[in-house]
Amino acid sequence: MPFDPSPAVDLPQEPDVVIVGAGSAGIGAARRLLSQGLTVAVLEARVRIGGRTTTQLFKGHPVDLGAHWLHAGPINPLVKLGFERREPLRRAPVEGHFYVRGKPGRPFERAALDRAFDMADRAMTLAARAPEDRPAARALPAGMGPLGRRVSDIHGLVSGRPLGEVSLHDFPSMEYADNLFIAGGLGGYVARLGKDLPVRLASAVHAIDWSGGDVRVESASGTLRAKAVIVTTPMAVLQGDAIRFAPALPNEVREAIQGFTQGVYEHVILHWPDAPFKGPDRLATLTGTRRSPPGLLTRIDGTPFHFFELDQTHAAHFDRRDPHAPARFARDILAEHFGYRALRNLSVMHATAWRNDPWSRASWAVIQPGLAPIRDLLKAPVGERIWFAGEALSRAQWGTAGGAWEEGERAANEVVQKLKVSG
Ligand SMILES: Cc1cc2nc3c(=O)[nH]c(=O)nc-3n(C[C@H](O)[C@H](O)[C@H](O)COP(=O)(O)OP(=O)(O)OC[C@H]3O[C@@H](n4cnc5c(N)ncnc54)[C@H](O)[C@@H]3O)c2cc1C
């Protein structure tokens, strides 16, 4: 990856606000603060902006390595902004492909799976109203057989953990309907939104001193003093004590940070011109054999590229010393459905490993049973000068770029209020 230190942008030495991290949350926060006339410096550990949204060219086609879907269209701030900016948004198809043992499934087989999803969703939504939280898996109706397992696997995939490890109270609060895509990739879009912001790259923050009336933020590129700091570092990175706070964060804040688990979701990027799937951007469900792809998004943007998605259960078994294991896994499963001959011109271009990346350590943050309130707990500022933001704090859009953006803007609005009051 080329090192682009954004030389055009000067960073203020004593900004009003330092933002840690230039992903969706950090970019959303910076734009909001700047629009309110505050001075800002964004410190980013990587040599690029965008965090867990990034788009890379494969054979000349832009492909997202991280977030790709714009979920929850009606409430997603990136969708609203995208329409305002006349970005090339398009609605995601609702109908997906459905295959049984490599052949298009019959309507009644597809209808049975749809019914199983409806039954499970109703049961979970209802059960989540009970005051006592429990693992989301326990709310699934009993006796649903293989279809029930498929539903549970899909929900586990999009949650980032098996449903037995996900809070039932937290699970149905997530809005998923009315999805969109953007031509050129979501990573490309977020990078456009971050262009020309005051960001310093290769500047991992390792200490935040809030012992005085302000904050001193120490990074690989020096120390900045500011009135407030917005920390958008992923929860899994904070759990690893990448940033030392002095004085230490209050106990309840530290416990809330430790309450998240690592959501895992990885793309195995396939180039497969002869894939049997027709039409752009469709999910495909393959059933009827021993194993199924945890998730499959076909013909991305109408190209020969496809995402074979890995869930936590499978990704956890891959040895990080064997980078080809995800490719073999994807091939073996697709061969189970379509036969090896059908895979003749399939190439695996790349398999992501966000779970091993030191600046993300997960695809997103997941709430364990019993801990649903921690998203809100972390919204309260610490000492009136440290705010946390990022996907992990969004109630209705957790685990998403839109949720991260929303949280970045929320924290920025609160900082503006605070700094106005204190003059
Ligand atoms: C494979 C995959 C697929 C996904 N699919 C979707 C999807 O389809 N739709 C969707 O909406 N979401 C999806 N997500 C989730 C989405 O990418 C994230 O929820 C969102 O991008 C998080 O934004 P953020 O700003 O909270 O965190 P990040 O984007 O991680 O930004 C935080 C930034 O902080 C930086 N940082 C970390 N530590 C430090 C430090 N010490 N000092 C300075 N900087 C630091 C990081 O480098 C990073 O740039 C997916 C994620 C993955 C991995």
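Proline 247 sits in the loop between strand 14 (244-246) and helix 7 (251-258); helices here are DSSP runs of H or I with at least four residues, strands are E runs of at least two, and both are numbered from the N terminus. The peptide bond leading from alanine 246 into proline 247 is cis, with omega near 0°. Before going on, keep in mind that this is a predicted model, where local features need pLDDT of at least 70 and side-chain atom pairs count only at pLDDT 80 or more, while totals for chains, interfaces and linings use all residues. Residues are numbered from 1 along each chain as its sequence is written, and side-chain values use heavy atoms, with hydrogens and water left out.

Most residues other than glycine have a negative phi, and most peptide bonds are trans. Arginine 86, in the loop between helix 2 (77-84) and strand 5 (89-91), has a positive phi of about 60°. Arginine 86 is exposed because its relative accessible area is 76% (exposed means over 50%, buried under 20%, partly exposed in between, with a 1.4 Å probe and protein chains only). Alanine 202 also has a positive phi, near 50°, and lies in the loop between strand 9 (199-200) and strand 10 (205-209). At 33% relative accessibility, alanine 202 counts as partly exposed.

Now zoom out. Contact, meaning heavy atoms within 4.5 Å, links 36 residues of domain 1 with 39 residues of domain 2. The two domains bury about 2,900 Å² between them, 66% of it on carbon and sulfur atoms; that is the accessible area (1.4 Å probe) that both parts lose on being put together, summed over both.

What about charges across that interface? There are two salt bridges between the domains, each a side-chain nitrogen of Lys or Arg within 4 Å of a carboxyl oxygen of Asp or Glu. Arginine 375 forms a salt bridge with aspartate 170, with the closest N and O atoms 2.5 Å apart. On the side of domain 1 that touches domain 2, strand 4 (61-64) and strand 21 (364-367) are the elements giving two or more residues.

Finally, look at threonine 261, in strand 15 (residues 260-263). Threonine 261 counts as buried because its relative accessibility is 17%. Leaving out residues up to four places away in sequence, threonine 261 touches Arg161, Trp364, Ala365, Val366 and Gln368.
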